[in-house]
Amino acid sequence: MAPQAAPDSARPAASLRPRDAATMIILDRRGRGGPKVLMGRRSPRLAFMPGKFVFPGGRIELGDRAMPVANALPDYAEAALARRLSRPPHHLGRALALAAIRETYEETGLLLGTAEYGPPETVPAGWEAFHRHGVLPDLEALHLVARAITPPKRVRRFDTRFFTVDRSAVATEEPARVGEDCEFTELAWVRLEKARDLDLPFITRTILDELDIQIAADFAPHRPIPFHFERYGRRERDFL
C-alpha cells in the first residue's frame, strides 16, 4: 500500500469510529539467541505512526471476505474474536486473519500459506499473487495474540487484532516493497529482547510483552487473550 501523506490540516477527531484491522507477527524461533520477529519502519510521510517500527498489517478489504483458504482458524481464536462485540459480523475472524495475511504480502513480499493444494481457481482483487504462486492461506497455522483499540483523539483509529505465525508458514516470497515511496522504508528481523530498543508505538511495545507471555505458554488454546483499550482517559487491559 502506498503511503498517505499527512495533510497540514489533519487534526485528531474524538468521534472517529475504529475500523476493523489485523496485524501479523511472523515469529522465527530457529537457531540460538532467542526468537526473532519481522518488523518494518513506517514511512515518515504517513499520518499514522510516522517513522515507527511496527508489524505488517492493515484494515479489512472487500476481497478478504471471499478468498479461499486451506484450513480454518482454530476454534478458540474464532470464539475470542467474537467476544466483546454486540453484533459480530459473519466470518469476522476469517476476514481478519486474511487481511493480516494479505497486508503482510503487500508490505513485505512474504506469502503465508501452503502450496500443497495448488492455486485456487479464482481469487478476489488483491490476492492475485497467491494465485500466481499457487499458495492458499492456511489459517490453522495462526495464533491469536491480542486485540487493541486505538485511543480517541488520534488521526486514525483501528480495532486491531494481532495474530502470530511461525516463519515456516512462509510458502514463498517476492521482492519486498520497501522504499521511500512505500509504506515501509525498511524491514528487519529483530530478536525479541532487542526489539524494545527500536522506536516503537506504545501498543507495539505492549504486544511484544504479551507475545513473551504467550510464547512461554506455547500458545495453549485455553490461555486468556488480552484486550487493550482506553476508558475515560485510562489505559485498560482486559481479556476476551
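Select asparagine 71 and show its contacts: setting aside neighbours within four places in sequence, they are Pro137, Asp138, Leu139 and Glu140. Asparagine 71 sits in the loop between β4 and α1 (75-82). Draw a C-alpha to C-alpha distance from asparagine 71 to aspartate 138: it comes to 5.1 Å, for two residues 67 apart in sequence. With a relative accessible area of 26%, asparagine 71 is partly exposed.

Before going further, colour the chain by confidence. This is a predicted model, with an average pLDDT of 92 over the chain and 94% of the residues at 70 or above. Now select residues 1-13, where pLDDT stays under 50. For residues 1-13 the model has 25 contacts beyond four places in sequence.

Next, select helix α2, residues 92-108. From first C-alpha to last, its 17 residues reach 24 Å, close to the 24 Å expected at 1.5 Å a residue. How many of the residues of α2 are buried? The count is 16 of 17, so the helix is mostly covered, taking buried to mean under 20% relative accessible area. Step just past the end of α2 to glycine 109, where phi is positive at about 85°.

Methionine 49 counts as partly exposed, at 23% relative accessibility. Is lysine 153 buried or exposed? Its relative accessibility is 58%, so lysine 153 counts as exposed.

Keep methionine 49 on screen and turn to the largest pocket. Met49 is among the lining residues nearest the centre of this pocket, together with Phe48, Thr150, Phe158 and Thr160. The pocket holds about 1,100 Å³ of space, and 45 residues line it. Which elements each supply at least two residues of this lining? Select β1 (19-28), β4 (57-59), β6 (143-149), β7 (158-166), α5 (202-216), β10 (226-231) and β11 (234-239). Of the elements, α5 gives the most to the lining, with four residues. Coloured by class, the lining of the largest pocket shows 23 nonpolar, nine polar and 13 charged residues.

Move on to the second largest pocket, which has about 300 Å³ of space. Its lining has 14 residues, and those closest to the centre are Arg17, Pro18, Asp20, Leu85 and Asp159. Here the elements giving two or more residues to the lining are β6 and β7. By class, the lining of the second largest pocket has six nonpolar, one polar and seven charged residues.

For the last stop, go back to helix α5 and select glutamine 214. At 3% relative accessibility, glutamine 214 counts as buried. What does glutamine 214 touch, not counting residues up to four places away in sequence? Show Leu144, Val145, Phe219, Arg223, Pro224 and Pro226 to see these contacts. Of these, Leu144 and Val145 fall within the range of β6 (143-149), and Pro226 falls within that of β10 (226-231).

Note on methods:
Residues are numbered from 1 along each chain as its sequence is written. This is a predicted model: local features need pLDDT of at least 70, side-chain atom pairs count only at pLDDT 80 or more; totals for chains, interfaces and linings use all residues. Side-chain values use heavy atoms; hydrogens and water are left out. pLDDT is the predictor's confidence in each residue, from 0 to 100. Contact means heavy atoms within 4.5 Å. The expected span of a helix is 1.5 Å times one less than its number of residues. Buried means under 20% relative accessible area, exposed over 50%, partly exposed in between (1.4 Å probe, protein chains only). On a 1 Å grid over the protein atoms alone, a cavity is a set of points where a 1.4 Å probe fits but cannot get out, and a pocket is an open set with protein on both sides within 12 Å along at least five of seven lines; lining residues have an atom within 4 Å of a point. Grid points are joined across faces, edges and corners, and a volume is the space filled by probe spheres set on the points. Ala, Val, Leu, Ile, Met, Phe, Trp, Tyr, Cys and Pro count as nonpolar, Asp, Glu, Lys and Arg as charged, and the others, Gly among them, as polar.
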